[in-house]
Amino acid sequence: MATKATPTTVECSAPIETIGDRMIVRLPTEASAELPSRGQVAATVTVDGAPYPTVIEPDGRKGHWIAIDDGLRSELDLRVGATVQLTIEPTKDWPEPEVPEDFSSALADATDLADTWQDITPMARWEWVRWINATKNPVTRDRRVEVGISKLRSGKRRPCCFDLASCTDPEVAKSGKLVEPE
């Protein structure tokens with residue numbers, strides 16, 4: 001059986017769109033198919049010449065998308081509808097996730113977990129953050145923060161039977177699928 005080699009570089013162009021107030025770039029089918037995983041992929045994505053370490057997200061339809069943060073948006077003066085040139089270099093080195101304030105505060109209060117949190121991989125930290133963020137319900141979110149601290153204390157290095165392709169960002173996805181632009 002042939003195995004799929006990890007590409008060194010994937011090049012493509014794609015238009016910028018928004019979902020709600022979030023700016024994203026949906027990868028073309030052919031570019032997405034060249035990535036080493038149907039789930040999240042850590043990569044350095046060069047957007048119109050600017051390197052951007054990020055995690056490429058699955059769209060729930062066997063494709064991928066890239067979130068454009070405010071810094072990159074401002075640096076390149078990116079506009080909805082404009083087409084950007086992308087050079088994608090998958091990497092095994094995951095960037096650090098942005099830990100949401102509620103979970104960060106709970107981790108800071110749990111001083112006994114400082115070494116544990118630093119000891120797990122950046123990919124595992126992404127999974128914890130994504131699991132916490134994967135709900136809009138504030139009661140569920142509060143419970144996940146509480147359970148997350150408890151699981152870390154009990155030695156768990158990952159949140160659950162976590163499915164990277166379906167535990168998604170509720171601001172841009174529903175039932176594991178990226179919603180269509182407005």
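How much space lies in the second largest pocket? In this predicted model, the volume of that pocket is about 200 Å³. Its lining comprises 11 residues, and those that lie nearest the centre are Pro36, Val41, Pro90, Thr91 and Lys92. Sorted by class, the residues lining the second largest pocket divide into 6 nonpolar, 4 polar and 1 charged.

The strands of the model include a closed barrel with 6 members, arranged in the order 1-2-5-4-3-6 and paired in antiparallel fashion. From one strand to the next, the twist averages 45 degrees. In general, the strands of a sheet pair through backbone hydrogen bonds, in either a parallel or an antiparallel manner. Strand 2 spans residues 22-26 and strand 5 spans residues 64-68; the two run antiparallel and are joined by 4 bridges.

Valine 145 is classed as buried because its relative accessible area is 9%, under the limit of 20%. Excluding residues up to four places away in sequence, the contacts of valine 145 are Asp102, Phe103, Ala106 and Ile132. Serine 104 stands 41 residues from valine 145 along the chain, and the C-alpha atoms of these two residues are separated by 9.4 Å.

Note on methods:
Residues numbered from 1 in each chain as written. Predicted model: local features only at pLDDT ≥ 70, side-chain atom pairs only at ≥ 80, totals over all residues. Heavy atoms only, no water. 1 Å grid on protein atoms, 1.4 Å probe; cavity = no way out; pocket = protein on both sides within 12 Å on 5 of 7 lines; lining within 4 Å. Points joined across faces, edges and corners; volume = space filled by probe spheres on them. Nonpolar A, V, L, I, M, F, W, Y, C, P; charged D, E, K, R; others polar. Pairing = 2+ DSSP bridges. Axes fitted to C-alpha atoms, helices over the stretch in contact; angles between N-to-C directions. Buried < 20%, exposed > 50% of the residue type's maximum accessible area, 1.4 Å probe, protein only. Contact = heavy atoms within 4.5 Å.
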